[in-house]
Amino acid sequence: MEEKIAVIPGTFDPITNGHLDIIERAAKIFDVLYVSVLNNSSKKPLFNVEERMEMIKQVTAHLPNVQVESASGLTVDYAAMRGATAIVRGLRAVSDFEYEMQIASMNRTLNAAIETFFVMTNTKYSFLSSSMVKEVAQYQGDISELVPDIVNQAIQAKFNK
């Protein structure tokens, strides 16, 4: 039987408990799951790609089938290179759906062999975004329930310099 391989792409700046929830759930479905850390040139990251990858590796260490890598270019091309037949995307709210559907449709146009799977976020994380976490942390708000401990410590170190 062929391995089921999927990719979860994102900037993960930083990884949140919402991201981790989606990764953990997808890891139960796929044999190999690549968390693909992207460098989005339209965003100004708090953490560089290497820092983001290291945090993700630490918080997913309990998931033996998860691999963390960086990627650039088209996600669908990266997925094909990795032998993936699926791209997993998390949806927080209806507002995410239209944007994500456009990306999924474009990816399907580029490579019909790769399916996009949408995973609804746990409702307790439906409001959560990396941008919001950074903004709250910048003003010394408590983000301890929103991100893994190691991420919280890294964010506090960035803002308390």
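F12 sits in the loop that links β1 to α1, where helices (H or I, at least four residues) and strands (E, at least two) are DSSP runs numbered from the N terminus. Although F12 is not a glycine, its phi is positive, at about 50°. F12 is also buried, with a relative accessible area of 4%; buried means under 20% relative accessible area, exposed means over 50%, and partly exposed is what falls in between (1.4 Å probe, protein chains only). The loop between β1 and α1 also holds P14, and the peptide bond from D13 to P14 is cis, with omega near 0°. Everything here comes from a predicted model, in which local features need pLDDT of at least 70 and side-chain atom pairs count only at pLDDT 80 or more, while totals for chains, interfaces and linings use all residues. Residues are numbered from 1 along each chain as its sequence is written, and side-chain values use heavy atoms, with hydrogens and water left out.

A positive phi turns up at Q140 too, near 60° and again in a residue other than glycine. Q140 belongs to the loop between α5 and α6 (149-159). With 56% relative accessibility, Q140 counts as exposed, whereas F12 is buried.

Now for the strands. Six of the six residues of β1 are buried, so β1 is largely enclosed by the rest of the structure. I5, V7 and P9 point one way from β1, A6, I8 and G10 point the other way, and all are buried. In a regular strand, side chains alternate between the two faces of the sheet. β1 runs parallel to β2, and six bridges join them; strands count as paired if DSSP finds at least two bridges between them. In β2, V32 is the bridge partner of I5. Between these two strands the chain crosses through α1, and this β-α-β crossover is right-handed, a label that applies if, with the strands pointing away from the viewer, the path from the first strand over the helix to the second runs clockwise.

β4 pairs with β5 in the parallel sense over six bridges. Here A86 has E115 of β5 as its bridge partner, and V88 stands opposite F117 in β5. Together, β4, α4 and β5 make a right-handed β-α-β unit.

F117 comes up again among the ring contacts. The structure holds three aromatic pairs; rings of Phe, Tyr and Trp (its six-membered ring) pair if their centres lie within 6.5 Å, with planes under 30 degrees apart counted as stacked, over 60 as edge-to-face and the rest as tilted. The ring centres of F30 and F117 are 6.0 Å apart and the planes are at 70°, so this pair is edge-to-face. Because F30 lies in the loop between α1 (17-27) and β2 (32-38) and F117 lies in strand β5 (residues 115-120), the pair ties together parts that are 87 residues apart in sequence. F30 is buried, with a relative accessible area of 10%, while F117 counts as partly exposed at 41% relative accessibility.

The largest pocket holds about 1,200 Å³ of space. On a 1 Å grid over the protein atoms alone, a pocket is an open set of points where a 1.4 Å probe fits, with protein on both sides within 12 Å along at least five of seven lines, and lining residues have an atom within 4 Å of a point. Grid points are joined across faces, edges and corners, and the volume is the space filled by probe spheres set on the points. Of the 44 residues that line the largest pocket, P9, G10, T11, K43 and R89 are the closest to its centre. Elements giving two or more residues to this lining are β1 (5-10), α1, α3 (75-81), β4 (86-91), α4 (94-110) and α5 (130-138). α4 gives the most, with seven residues. By type, the lining of the largest pocket divides into 18 nonpolar, 17 polar and nine charged residues, with Ala, Val, Leu, Ile, Met, Phe, Trp, Tyr, Cys and Pro taken as nonpolar, Asp, Glu, Lys and Arg as charged, and the others, Gly among them, as polar.
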